[in-house]
Amino acid sequence: MKREKSKKYRSVQILRGFSQLAFFLLFVYLFLAAHYTGEDYISSTAQRFFHFDPLLALVTIVSARALTAFFLFSLITVVMTLLLGRVFCGWVCPLGAVHQFFSFVFKKTKFLKPPREEKSSLAWKYFILIIVLVGAVFSLNLAGYLDPFSFLTRSFAVAIFPGLAYVLSGVAGLFYSAGLLSLGRSTSHLLENWTLNATFIQGFAVGLVFLAAVMLNAKKERFWCRYLCPAGALLGLLSRWNLLKFRINQATCINCNLCSQHCPTQASPFPIGQWRSGECIYCFNCAAICPTAAITFPMSIRPEKAGNVSNVNLGRRRLVLSGLVAVASVPLFRLTPFKKRASLKLIRPPGALEEPEFLATCVKCGQCMRACPTNALQPALTEAGPEGIWTPVLVPRIGYCEYYCSLCGQVCPTGAIQKLTLEEKAQVKLGTAWIDKNRCIPYTLGKPCIVCEEHCPVSPKAIQLVDTDTKLPDGTIVTQKAPVIDVEACIGCGICENKCPVVDEPAIRVTSIGESRSAQNQLLLQTGGDPFRP
Amino acid sequence: MTPMKRRLFIRNMVIGGAAAAFGPRILPGQTISAAGWPDLAAVEGESPSAITKQAINMLGGMGRFISKGDKVVIKPNVGWDRTPEMAACTNPEVVKALVELVLDAGAKEAIVIDNTINQAKRCYVRSGILEAVKQTDGKMIYVDEHRIKKMNIHGEWLKEWNVVLDVLEADKIINVPIAKHHSLSRLTMGMKNWLGAVGGARNQLHQKLNHAMVDLTAFFKPTITVLDSYRILVRNGPQGGRLSDTKLVKTVAAGTDPVAVDAFGASLFGLPAAELPFLLLAGERGLGTYELEKVKFEKRKI
């Protein structure tokens with residue numbers, strides 16, 4: 001028998017490589033474009049990529065109980081998956097491309113080469129999906145932690161690109177010390193122009209998680225896509241009726257099992273009849289590697305047998321169990337004192353929804369943190385309770401909210417941070433600044449300062465200066481201009497705290513009270529009518 | 001090498017007498033000495049660009065200050081993310097006019113730079129200065145933390161501080177501030193503008209701001225100070241925020257005496273120069289004259 005590999009499927013494989021590269025580059029470009037380009041309103045649609053993700057769409061719509069038009073784009077992915085199966089995973093997904101790249105590299109090495117045998121259960125990603133979906137029913141939005149777009153954007157924004165910027169800055173320093181002035185300058189200008197000079201408190205944790213996800217490719221090729229990805233699981237469930245079928249020509253098949261060995265997602269092309277349409281990402285590795293070109297992907301409208309959809313043994317008991325785990329974990333996520341009493345450090349970005357809606361809508365993708373020009377937005381750890389881990393929180397000590405900036409709302413993919421015009425944004429109050437007279441230089445040392453006042457961006461200023469007497473240790477009294485807050489004028493932007501010369505624990509600090517988005521977290525009594533009438 | 005030359009040059013200019021021997025480029029057949037030109041010129045008019053050019057003309061033209069092949073740094077105030085009509089940053093047309101004059105006078109490079117307070121790019125863009133400089137052959141660069149170096153600045157109060165090297169390494173420096181209200185120094189003009197040419201914990205300089213301003217002015221020794229008072233900020237300084245915080249004065253003042261320029265600026269706010277401690281200190285230090293009646297001062301309206 002004549003043995004010859006399929007040239008056609010080899011070309012399709014190459015084509016797929018280009019497709020992955022193109023979508024990955026598009027993703028990186030849109031990611032980088034989400035910053036202040038010199039325009040107040042960014043024209044690039046970094047957030048649009050997310051709108052094609054059916055998992056984010058489904059979870060956010062269910063969790064936030066709101067139908068949002070921009071998620072209509074995800075229907076395109078749904079229809080594509082219904083027709084063609086998980087081509088999205090194999091051809092489009094940028095995180096899939098990352099994993100495929102590292103799997104490829106690891107396979108070339110001896111010590112990182114993933115073993116072919118001991119295949120684990122594919123059921124995990126379905127259990128993860130169930131947990132995420134059940135959570136959404138209770139308005140617990142867990143999609144972002146393992147959703148590929150959120151995961152990749154967050155890792156890039158919070159860890160990878162800050163790490164890259166750190167290296168580039170070092171390179172600029174090397175250029176300067178080598179006397180290459182203009183090279184040093186262009187490197188530094190690159191970082192400034194693309195707003196890459198950022199550091200994040202949790203960059204380390206997020207970076208380690210990303211590194212771990214990449215290293216798992218040494219355990220198993222495309223480990224993430226096989227075992228973890230809830231978006232892939234959702235698409236797998238949708239691919240039951242897809243038209244792109246897998247066939248082995250029994251007459252030419254030599255039972256070599258090469259196809260199954262090279263399948264990156266355990267879709268089991270061999271033995272014949274075992275193919276799992278829900279696992280296949282249409283990489284066409286099997287068709288290209290088959291020594292007799294026995295594998296084809298014909299179109300057919302006949303649906304797969306239900307068992308073949310994933311051909312994964314989920315087991316009714318295990319399904320029910322994972323659902324119960326999800327239900328049981330909901331109250332655990334809600335164990336936080338912040339429901340009754342606002343968290344003082346929970347300063348949300350301008351345009352953020354009221355806290356319960358915000359938590360139900362935010363997918364922790366970190367796009368806002370990427371766009372923030374002053375590095376003020378940081379992934380939360382404890383500030384927002386367990387449900388709010390990695391949601392954005394403004395940390396004035398690191399950065400402040402630029403008065404004429406509304407980028408975070410413009411790049412938010414789910415509307416957790418609403419799009420605001422600059423005029424609307426200037427009206428938003430994020431919190432209120434408070435002076436710590438025990439630390440404030442004029443109040444305590446009797447020395448001049450006024451730094452907070454000069455930086456206050458509102459006019460008339462929310463920080464006014466009043467002549468104040470200070471008793472010095474030797475008993476003498478000095479009079480100095482000292483800051484006093486106009487609580488109603490303060491917008492809580494945090495520039496005062498950021499610029500305060502008392503650097504360790506600033507003498508002026510912003511807390512969340514008075515934030516416009518909350519009806520409860522208010523300082524001044526808002527009666528709005530006769531208190532003696534019901 | 002070059003900064004020394006410049007500093008020497010400026011010291012002589014300020015002292016007055018021997019200045020002509022070092023700096024001014026005397027054209028062949030020209031007999032007039034530096035002493036023949038005013039120390040301070042103020043021009044009022046509709047076009048910021050035209051009054052800037054006229055003011056420099058009255059000082060003897062840019063050719064008097066700039067030699068062929070000079071690297072010139074122009075230091076505007078671009079501290080804030082504010083549009084020109086908010087009068088928080090130097091008028092872009094004034095900066096542009098200076099870049100053009102400097103390049104026309106034969107400078108090799110005209111670099112515009114400021115250590116901003118808000119995000120640098122925002123300030124550069126919204127102030128309109130980046131766009132204005134782009135229309136010329138000048139360059140606008142960002143302050144780079146790699147290019148900030150702690151050095152001895154020989155001040156009376158400020159001994160050592162972090163300085164922006166790109167400013168320092170110029171052959172000639174032109175300071176082009178805007179006249180604004182400030183709660184601590186009362187006014188921020190040319191002398192205060194040097195806080196934008198340094199790095200480090202700038203906010204701590206406020207604890208002895210007047211002394212810091214004088215020490216920094218003595219250190220940087222601008223060749224010329226051009227005070228943009230086309231639109232001045234009269235309250236809520238130094239960044240304002242409303243049009244009503246500003247006042248149209250339509251004047252640009254230029255001078256070789258940085259103290260006299262600031263003293264003139266004070267008069268626009270109706271403040272006697274003698275009420276501004278930094279001017280008194282600078283006068284004592286011999287950096288210039290704040291008593292305008294003692295200054296060779298020409299005023300014009302076009």
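Colleague: How many bridges join strand S6 to strand S7 in chain A?
Modeller: Nine, in this predicted model. S6 covers residues 463-471 of chain A and S7 covers residues 477-485. The two strands run antiparallel.

Colleague: What stands opposite A:Ile463?
Modeller: A:Ile485, in S7(A).

Colleague: And how many residues lie between S6(A) and S7(A) in the hairpin?
Modeller: Five. In that turn, A:Gly475 has a positive phi of about 95 degrees.

Colleague: Switching to helices. At what angle do the axes of H1 and H6 of chain A cross?
Modeller: Roughly 120 degrees, and the axes come within 8 Å. H1 is residues 7-33 and H6 is residues 94-108. That angle makes H1(A) oblique to H6(A).

Colleague: Left-handed or right-handed crossing?
Modeller: H1(A) passes H6(A) in a left-handed crossing.

Colleague: Which residues meet there?
Modeller: From H1(A), A:Arg16, A:Gln20, A:Phe24 and A:Phe27. On the H6(A) side they meet A:Pro94, A:Gly96, A:Ala97, A:Val98 and A:Gln100. By class, the contact has five nonpolar, three polar and one charged residues.

Colleague: Now the chains. How many residues of chain A are in contact with chain B?
Modeller: 45, against 35 residues of chain B.

Colleague: What area do chain A and chain B bury between them?
Modeller: About 3,400 Å², with 47% of it on carbon and sulfur atoms.

Colleague: Which three residues supply more of chain A's buried area than any other three?
Modeller: A:Tyr36, A:Tyr404 and A:Glu454. They supply 19% of the area that chain A buries against chain B.

Methods: Residues numbered from 1 in each chain as written. Chains lettered and ligands numbered in written order. Predicted model: local features only at pLDDT ≥ 70, side-chain atom pairs only at ≥ 80, totals over all residues. Heavy atoms only, no water. Axes fitted to C-alpha atoms, helices over the stretch in contact; angles between N-to-C directions. Helix = DSSP H or I, 4+ residues; strand = E, 2+ residues; numbered from the N terminus. Parallel < 35°, antiparallel > 145°, perpendicular 65-115°, else oblique. Left-handed = near helix turned anticlockwise from the far one by under 90°. Contact = heavy atoms within 4.5 Å. Nonpolar A, V, L, I, M, F, W, Y, C, P; charged D, E, K, R; others polar. Pairing = 2+ DSSP bridges. Buried area = accessible area lost by both parts, 1.4 Å probe.
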